[in-house]
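Subject: Structure handover

Hello,

Here is the structure for your files. Please open it alongside this note; the findings follow below.

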Amino acid sequence: MSAGQYGILVVEDDFRIADIHRAFIEQSEGFYVAGMARNGSEAKAIMAERAASIQLILLDAYLPDVEGLELLWAIRRDYVHVDIVMVTAAREVETISEALRGGVFDYLIKPIEAARMTQMLTRFRREREALACRVEMNQDELDHVLARLQPGEPSRIKSPTLPKGIDRLTLRRVIDALADASDSLTAMQMARIMGASRSTARRYLEFLVAEQAVSAELGYGDVGRPERRYRLLEAAHAWLDSL
C-alpha cells in the first residue's frame, strides 16, 4: 500500500463477479485489492490478519456459510474503522433496511453499472480525505461532506471550484478529445492525445466520471484483459461552462 491508497476486501462467493470487482478496483485511482474472500470464515480470517490495511469491504448478502447481514454486524462490532458497501442481488426492503441501520456506506444492487461503482468509490475517497485533513468542521462543511444523505439533492457532490491537480484548460482538452472521438477511449489513448502520462489522463477522466460529465465502463483489450473506457455525456460542455 502506498500513501493515499485505500485497501478493499471483496467478500463474494461467485468467482466471476469477484474477478470483475478486482479488475475494477485495480483500475480505480486510489484503491487496491487488500483481500478476496469467498465466504464469511475467510473474510473474518483476513480481517483478523490485516484489518489495518483494509478501509472498505464490498460485502455480498448471500454467502455459503453465514448471512451477509450477520457478518455486517460482526464487522461493525470488531472493526469500527472500516466502511462497508453491500454489493448484492438482495432487493428485499427488510434486508436493505437492516443494512442501512447497520451503517453501510452504500448499497449496490447487482448487476452493477460501472458508473455507479465509480461514483461510490469517488465519494468514499472524497469523504475520507475531507475528514482526514480536519480537526473540526462547521455545519456547512459537514453538510457538504454528508451531501449524499440529503433527500432531494443530486447524488454527486458539486464542487464550485476545481480541485487541486485539475486544470480548467486541460480539462477542456480532455472533454474536446472525447467529443471528437468516434468511440470510447482508454486512459492510455487519452494520454497520447494529451501528451501526458497515463496517470494524469486517468486523474482527469475519473474526475469527469465523478462529476457525471463522462461515463466509464469495463471493456476488453486485444489481450483479453478488462480495461476502463470513457465516453462523453451530452451535458459535459455545459457542465464545464457552468464552473
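The protein chain has 10 helices and eight strands. Both are DSSP runs numbered from the N terminus: helices are H or I with at least four residues, strands are E with at least two.

Before the details, note that this is a predicted model: local features need pLDDT of at least 70, side-chain atom pairs count only at pLDDT 80 or more, and totals for chains, interfaces and linings use all residues. Residues are numbered from 1 along each chain as its sequence is written, and side-chain values use heavy atoms, with hydrogens and water left out.

The sheet: five strands form an open sheet in the order β2-β1-β3-β4-β5, with parallel pairing. Strands count as paired if DSSP finds at least two bridges between them. At the edges sit β2 (31–37) and β5 (106–109), each pairing on one side only. From one strand to the next, the twist averages 20°. Angles run from 0 to 180 degrees between N-to-C directions, with axes fitted to C-alpha atoms, for helices over the stretch in contact.

Strands β3 (residues 56–59) and β4 (residues 83–88) run parallel and are joined by four bridges. L58 has V85 in β4 as its bridge partner.

Helix α2 (residues 40–50) lies across β1 (6–11), β2 and β3. This helix runs at about 130° to β2.

Of the contacts (heavy atoms within 4.5 Å) with a separation of 6 or more, 62% come from residues 24 or more positions apart.

Best regards
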